[in-house]
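Please go through the structure below with me, one question at a time.

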Amino acid sequence: MTTTARRTVPVVAKGIGESPIRADSAPKLRGEYEYAQDLEADGMLWGATTRSPHPRARIVSIDIGPALAIGGVHAVLTADDVSGPGLFGLEHADQPVLAQDMVNYFGEPVAIVAAEDHLTARMAADAVAVEYEILEPLSDPEEADAKDEVFRRVRIRRGDQSARGSVVVEGYYEVGMQDQAPLGTEAGLAVPDGSGGVDLYATSQFLHVDRNQVVSSLGLRSDQVRSHPAGVGGAFGAREDVNLHIHLCMLALHTGRPVKMVYHRSESFTGHVHRHPARMWMRHEADEDGKLVRVEAKLVMDGGAYLSTTSAVLGNACSFAAGPYRVQSVAIDGVGTRTNNPPCGAMRGFGAVQACFGHEAQMDRLANALGMHPLEIRRINALETGDRFSTNGQLLDTPIPLIEIIDSLAAMPMPDDERADLPGGSGLTSEERHVVRGVGYGFGIKNLGFSEGFDDYAEARVTLASEGGVVETAAAEIGQGLVTVMAQIARSVLGLSEFSVRLVDTSLIDEAGSTSASRQTMMTGGAVHGAATRLRERILDRHDGDDIDDRGVLRNGEVIVPLAILLNEGWEETFTFRHPPTDVPDEEGQGRAHADLAVAGHRAVVDVDVELGLVRVVRVDTAQDVGLALNPESVRGQIEGGILQGVGLAIMEELVIEDGIILNPNFTDYLLPTILDAPDVEALLIENEGSWGPFGAKGVGEPPTISSTAAVAAAIRDASRKPITRIPVRPQDIAL
Amino acid sequence: MIITFRLNGEETTARVLKPRSLLDVLRNDLDHPGSKDACEQGECGSCSVILDGEVVCSCLVMAADVEGSELTTVEGLSPDGELSDLQEALHEAGAVQCGFCTPGIVVAASELFRSNPSPSTAEIKEALAGNICRCTGYGAIIRGLESLAKARS
């Protein structure tokens, strides 16, 4: 990994620009780190969930008697036991806490139980007798569109709608349903406080919005529920929505005992939202020099049974449907459908992933039609800082180093032709003579932070006390490393190297917003930067100093207040950071919808057995717009991990749905990339000034997952000479 | 039934009344939550333990079958609370993100390095082929273990 490192940053031990090792690394290596799955409390009961086996059915009756009759069962609750309005949802409360009269998707919760141990709880959940009148599910999103069963329609029109190019390419593309498949399943513990309230410790990406949905659905007051940070074994979007949170609180309040719940793997596959499957039609028109004249697209994204974040995902997909390119004339139409398929919501890349697969396939088609190199067509059309964004017309006033990314990728060395391994792995089925190497490119663009007028903010607190500096936040650590980066920011602003991060519950601090949208380094990081900056000003002002370092407060290089005394004075500053405001797009989809954007590019090299349709991804190289890499090794970890999830979507990861039912809800049939599937990765971090993130940092979590998929698909196309219009690519798409 | 076995070097007994997995008994009866429960069908390696010198998924082993066995879990690989050189190598490489796969990776890699102090990159990958990591893309894990192989050779 290399960085362009053209910026100077303050040098503080373990500050920004260095890669201190995360504080939770050692306990995780020793097996001592406490995940939500590992929590226990005195007198604890275990919860379990009764789920619908049908994607659409009317509930005729529910008999809880057989479950209650089992020894050790303390509670069996149904919709009749929900105390409040009984609806929840991240954007809009449309999903019942427990199904009342109808079930609308396979796996929808119908009843919950609490029992002495986990085996008894499962047995009781299975014993709840539900009589269903099975109904025909609506499972085809285009049929849903025709019936106007939709969550949102998006229409974008920009430029002269009569503009036409002389070179025209058209394509239809499909994206299968990917699952986040975090290794830790949903888990949590709810502890009643004895006075009608409850403390919740559960897997989460956004503690405050979990709490808000618990209190609003159950008719409680905000101060009656405290949502605490708990160890999270990965998330990738799956934990942005609540799942077991409300159920746990109901059971704890009903039984008066702590209740723990852990989803098993197949339950996890039905218990959280997935990446939206997409059907996309695109038409690109260019002039004879390869300049894009017009892009038309129609996107159908299936939201499944309940809204979750479908409207925002669809908004993103449409906004990025033309990619990171300059286009004079744009017409994009999108629809997010409501069906009886599993609900879909957030997953790393959030709509940009699906769009990228389509627009990059189109750019390659255009390059073919014009006889151009794939990089040349992109370079001709690349957006630059100061341009207006093709779809919504917003001025790109932060760095968009796409041309640099394209040129950097072109200059990165290619692997030699030697093959260490053939496609097909341990099956050893490939023959060398059928293996063809292919090279493909993908470039993507993604919004950072929340868009479309959302009041996006984060609060953080920085304190100095005798034990050292502490950053407090309710931001969710889900594995990405904010526990490290937040301390680095505080160190660099204040000049003090002893800083730790304390994750606190919702009663102690205002919200940090969601750990999603590549936003925490920028948003909570911005709050930490703001709090630390004010604290520094106050300290210097109080002591009439001009600098602070590990010796204490300085004036003209001399220590005037030693560190120990400074710390003992006890300092505290709380700061709320807001990113630049964004607009709700108008009826034509125009307006400054995004607070900031990041671009990235990937070059994939694959070996394809064109007879058997097997693929081995040899390497994926990348250049990524990072603003400033606050912790280069963590950025590298995000890039390598994100690329492998992109590779997974390109060649193996798909939840297979038939008539609304998930056919492969387990790790035997839902394939995840192993260490043998992981390509070598070389990453170039492109640094520039100008973003509003702390020290100019941009979020880095999502871009690696967006265009890596498109690059792998393009490389397979290059090797196989097949159209490859669907991901994940299946053997029959190559070999037949 | 009562089963007796050696858990991280200590004689241990457990009362197992139902057909339960070793993983379930370790986590819920024996206060050893280091082994993680992620897939329950032997696909991901998060629950890896060393049973009589062999790396196995404890979710696939019936608890009753460990009677008389020697069992090492992740808790037994850094008994004094210090990181082993293998853990230290992963630590320094930044191989830990969410960490849910980490105990299984540590267990599988420890057994590899016990039998082969200086494995090649291909041997490292082969030994960890049954351990799924969803966060890191495996790069830092490989770099960490490569540096250990170098240090030990």
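Student: What ipTM does the predictor give the complex?
Tutor: The model is predicted, so confidence comes first. For chain B, 100% of the residues reach a pLDDT of 70 or more, and the mean is 96. For the complex, the predictor gives a pTM of 0.98 and an ipTM of 0.99.

Student: How many helices and strands are there in chain A?
Tutor: Chain A has 736 residues, of which 63% count as buried. Its C-alpha atoms fill a box of roughly 80 × 75 × 55 Å along the principal axes. The secondary structure of chain A comes to 17 helices and 32 strands.

Student: What radius of gyration does chain A have, and what would a compact globule have?
Tutor: Contacts in chain A with a separation of 6 or more are 81% between residues 24 or more positions apart. A compact globule of 736 residues would have a radius of gyration near 27 Å, and chain A agrees with that, at 26 Å.

Student: Which pattern does chain B follow along the sequence?
Tutor: Chain B contains five helices and five strands. Read along the sequence, their order is β-β-α-β-β-β-α-α-α-α.

Student: Why does chain B count as being as compact as a globular protein of its length?
Tutor: The C-alpha trace of chain B spans about 45 × 25 × 25 Å along its principal axes, and 58% of its 153 residues count as buried. In chain B, residues 24 or more positions apart account for 60% of the contacts with a separation of 6 or more. The globule rule gives 15 Å for 153 residues, and chain B is as compact as that because its radius of gyration is close to this value, at 15 Å.

Student: Which element of chain B gives the most residues to the side that touches chain A?
Tutor: The contact between the chains involves 40 residues of chain B and 46 residues of chain A. On the chain B side, the elements that give two or more residues are α2 (85–93), α3 (102–115) and α5 (139–152). By class, that side has 19 nonpolar, 13 polar and eight charged residues. With four residues, the element that gives the most is α2(B).

Student: Against which elements do the buried residues of α5(B) pack?
Tutor: α5(B) has 14 residues and reaches 20 Å from its first C-alpha to its last, close to the 20 Å expected at 1.5 Å a residue. Its buried residues include B:Ile141, B:Ile142, B:Leu145 and B:Leu148. The buried residues of α5(B) pack against elements of both chains: α2, α3 and α4 (121–127) of chain B, together with α15 (632–651) and β31 of chain A.

Student: Which residues have the most contacts inside the largest nonpolar core?
Tutor: In soluble globular proteins, nonpolar side chains tend to be buried together. Leaving aside neighbours within four places in sequence, the contacts of A:Val113 include A:Ala48, A:Val73, A:Val76 and A:Ala125. The largest nonpolar core has 280 residues, and those with the most contacts inside it are A:Val113 and A:Cys249.

Student: Is A:Ser308 buried or exposed?
Tutor: A:Ser308 lies in the loop between β17 (292–302) and α8 (310–319) of chain A. Its phi is positive, about 45 degrees, although A:Ser308 is not a glycine. Because 28 other C-beta atoms lie within 10 Å, A:Ser308 is buried.

Student: Why is B:Asp52 classed as partly exposed?
Tutor: B:Asp52 is in the loop between β3 (48–51) and β4 (54–57) of chain B. Phi of B:Asp52 is near 50 degrees, a positive value in a residue other than glycine. B:Asp52 is partly exposed because the number of other C-beta atoms within 10 Å is 13.

Student: Is A:Glu689 buried or exposed?
Tutor: A:Glu689 is in the loop between β31 (680–687) and α16 (703–720) of chain A. A:Glu689 has 12 C-beta neighbours inside 10 Å, so A:Glu689 counts as exposed.

Student: What is omega of the peptide bond from A:Ile727 to A:Pro728?
Tutor: A:Pro728 lies in the loop between β32 (726–727) and α17 (731–735) of chain A. The peptide bond from A:Ile727 to A:Pro728 is cis, with omega near -5 degrees.

Terms used
Residues are numbered from 1 along each chain as its sequence is written. Chains are lettered from A and ligands numbered from 1 in the order in which they are written. The radius of gyration is taken over C-alpha atoms; the globule rule is 2.2 Å times the number of residues to the power 0.38. A residue is buried if 20 or more other C-beta atoms lie within 10 Å of its own, exposed if 12 or fewer, and partly exposed in between; C-beta atoms are placed from the backbone. Two residues are in contact if their C-beta atoms, placed from the backbone, lie within 7 Å. Ala, Val, Leu, Ile, Met, Phe, Trp, Tyr, Cys and Pro count as nonpolar, Asp, Glu, Lys and Arg as charged, and the others, Gly among them, as polar. pLDDT is the predictor's confidence in each residue, from 0 to 100. The expected span of a helix is 1.5 Å times one less than its number of residues. A nonpolar core is a set of buried Ala, Val, Leu, Ile, Met, Phe, Trp, Tyr and Cys residues joined through C-beta atoms within 7 Å.
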